[in-house]
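Have the viewer open while you read.

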Amino acid sequence: RGLLKSHFFPILILAGASAVVHKDQVAQHAVKLYRSKRAAHGQSWVAGNCKRLVGLLRQKNVVFKKLEAAADAVGKDRSLSETEKHFQVHTLEVLQKELNESEHLVFQALHSLQRALQGDYKDVVNMKESSRQRLEALREAAIKEEQEYVELVAAEKHQQEAVKSALAQNKTLSILDEILEDVRKAADRLEEEIEEHAFDNNKQMKGVNVEAVLRVEDDEENGSKRKNKSRQKEVEDDLGLSMLIDSQNNQYVLTKPRDSTMPRADHHFIKDLVSVVMLSLPCGWICTLAGLPPMFGYIICGVLLGPSGLNSIKSMVQVETLGELGVFFTLFVVGLEFSPERLRKVWKISVQGSCSLSLLMVGAGLLWGQVLHIRPTQTVFISTCLSLSSTPLVSRFLAGGSRGDKEAELDYSSVLLGMLVMQDVQLGLFIAVMPTLIQAQSGDFLYGSLHVLYLLAQVLVSLAAVLLLCLLFRSFLIGPFYKKLHTESKGNREILVLGMAAFVFFMLTVTEVLDVSMELGCFLAGALLSSQGHMVTAEVMGCIEPIRDFLAIIFFASIGFHVFPTFVLYELTILLALTLTLVIMKFMMAVLVLSAILPPGSRHIQWIVSAGLAQVSEFSFVLGSRARRAGIISREVYLLVLSVTTLSLLLAPLLWKVTTHRWVPRTERRPVT
């Protein structure tokens with residue numbers, strides 16, 4: 001270290017002033033310095049490398065001048081076409097750039113060595129900063145080298161085409177060869193038109209980071225031997241079947257290929273769907289034979305195939321995304337059974353009940369947070385997250401449940417579904433408010449509070465706009481649309497199915513554009529169609545229910561991906577205590593709120609509605625993951641929320657069955673499906 005500091009780093013000092021002194025003069029000065037010092041035998045390595053650096057820099061200057069002269073000669077050559085001149089000059093410029101970058105990397109490495117020797121090895125922060133700087137330098141070098149490689153590949157392709165063109169001029173082409181040549185030129189133009197150049201367009205954008213990733217080929221992942229490695233590599237490059245893994249162990253698959261002219265399929269996703277469907281059948285069957293809801297079997301299927309089981313699911317995000325469609329169609333079917341007349345009957349109770357229950361949960365959370373010394377932002381998030389209940393689960397419980405026979409009578413299914421729909425609206429609001437919770441956590445509480453009020457006003461305006469649009473659709477659009485669709489779908493059932501799915505997605509898009517929950521849009525789509533009468537509802541239900549059932553299986557299996565039995569077993573006592581406390585507290589709070597807002601003649605349904613609300617929504621998985629990434633909650637709290645949510649969902653059917661057995665007449669009971 002002393003040798004390098006005393007003799008080698010004068011090179012670096014002079015290299016920093018390279019604008020005045022040329023770099024080969026820097027190296028010559030270093031050699032003279034070592035000769036004047038009369039370097040001993042132990043210093044011969046440094047002196048020898050300084051001489052080698054002098055020779056390389058001189059050789060680089062000579063070659064660089066020859067390349068400049070060659071580029072000038074190409075520009076003056078009249079025998080070459082403009083395209084050929086541009087190609088040859090561009091190739092020479094690539095070589096010049098390669099020489100300059102190589103020289104730059106040499107001196108960059110010397111500066112890096114100087115920083116490392118001057119740093120304190122006991123200071124971890126300093127070492128981390130040095131490592132970050134080296135990593136940034138390597139990333140920039142990797143991008144430049146990738147660009148040069150791509151340019152060289154393009155130059156090679158151009159050279160091969162030039163050779164083919166020269167050969168074609170020397171022989172007579174047949175009619176077939178001329179046709180193929182025209183097709184080749186058209187195909188080249190097509191590839192140039194549809195290629196997006198996504199790498200070049202996005203690499204300089206703000207927030208874009210360059211990271212090292214591993215590319216795992218399909219055959220290497222399965223552990224099988226390759227018969228022809230070069231051929232297989234070529235096929236994988238063309239088809240894009242490999243997987244990328246970054247340093248954080250995130251796995252990525254191809255979403256859009258460079259060449260869009262070739263069809264592709266994600267075989268991992270197909271295999272995952274096949275595994276989920278095949279294993280869901282025996283798991284759901286066994287639960288049905290045991291007298292349990294088949295939903296438990298689907299969740300068990302996800303546990304067995306997920307990270308805590310066989311870990312055979314590779315496209316987990318894609319499977320969960322497909323499962324979200326199950327939530328959309330489930331809420332659409334709920335809306336079909338929930339007519340606007342029923343909605344008008346319970347909307348006041350739904351708004352008052354859901355808001356009061358959320359406020360009570362947040363108040364209880366803040367109280368416990370003061371006792372346990374937990375940050376207010378964290379307690380507000382956890383309380384709001386746990387106050388939500390599962391709409392898909394309760395809708396499966398109801399399964400076309402009871403309806404009030406008398407006009408003034410309230411049935412428990414209307415009140416329960418109305419409160420769940422309002423909770424879905426609160427979910428959309430909470431997702432919008434989450435960035436403000438992050439700002440409040442960082443200390444900007446005043447700005448965060450004002451922003452929350454602004455978002456609340458914005459959501460209220462959006463809800464008013466959604467309701468106004470629903471009134472317009474019901475008056476002028478739904479009737480003619482369905483009559484036309486019904487007429488065209490006679491003898492062609494898929495038109496009706498497609499029309500209903502398109503209407504669901506249209507309403508979903510409308511509510512998403514207006515910054516309201518997408519789930520609310522699906523529910524309103526069903527409610528608007530139910531206003532057309534029982535015949536329309538029955539026909540649409542017959543088309544959509546099979547799709548809903550299949551996608552719901554995928555959804556409940558995807559919940560099982562986030563159930564970790566080992567963690568539950570390790571902390572079983574704590575988790576059971578927390579879950580039972582939460583279920584009982586939500587049940588009693590719901591009973592208290594409903595007893596205050598329900599009319600005197602309908603207060604007997606408060607027990608059933610409270611039983612339906614005494615669990616935690618599966619959307620807590622989504623909210624918890626976002627909060628953990630944002631730093632609102634810790635890893636331990638996230639796992640506790642996941643485990644409590646799962647256990648509450650498992651206890652929900654038991655509580656529902658006991659409550660309905662006590663308070664629902666035998667003739668109105670429905671099996672828990």
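Which residue in S3 does isoleucine 245 stand opposite? Glutamine 251 takes that place in S3. Keep in mind throughout that this is a predicted model.

1. Let's stay with the sheet for a moment. The sheet is open and has three strands, in the order S1-S2-S3, with antiparallel pairing. Strand S1 (213-216) and strand S3 (251-252) are at the edges; each has a single partner strand, so one side of each has no neighbour in the sheet. Strand S2 covers residues 243-246, and its antiparallel pairing with S3 runs over two bridges.

2. Next, the aromatic rings. A pair of rings is described by how far apart the centres are and by the angle of the planes. The structure has six aromatic pairs. One of them joins phenylalanine 473 and phenylalanine 506, with 5.7 Å centre to centre and 50° between the planes, which makes the pair tilted. This pair links distant parts of the chain, since phenylalanine 473 is in helix H17 (residues 445-476) and phenylalanine 506 is in helix H19 (residues 493-513), 33 residues apart. As for accessibility, phenylalanine 473 counts as buried at 13% relative accessibility, whereas phenylalanine 506 is partly exposed, at 37%.

3. Phenylalanine 481 is partly exposed, at 29% relative accessibility, while phenylalanine 503 is buried, with a relative accessible area of 5%.

4. Now try a ring with a charge over it. Lysine 60 lies over the face of phenylalanine 64, at 4.9 Å from the ring centre.

5. Finally, the cysteines. How many disulfides are there? The count comes to zero. Cysteine 287 counts as buried, because its relative accessibility is 7%. Cysteine 543 is buried too, at 5% relative accessibility.

Note on methods. Residues numbered from 1 in each chain as written. Predicted model: local features only at pLDDT ≥ 70, side-chain atom pairs only at ≥ 80, totals over all residues. Heavy atoms only, no water. Phe/Tyr/Trp six-rings, centres within 6.5 Å; stacked < 30°, edge-to-face > 60°. Helix = DSSP H or I, 4+ residues; strand = E, 2+ residues; numbered from the N terminus. Buried < 20%, exposed > 50% of the residue type's maximum accessible area, 1.4 Å probe, protein only. Lys NZ or Arg CZ within 6 Å of the ring centre and 35° of its normal. Pairing = 2+ DSSP bridges. Disulfide = S-S within 2.5 Å.
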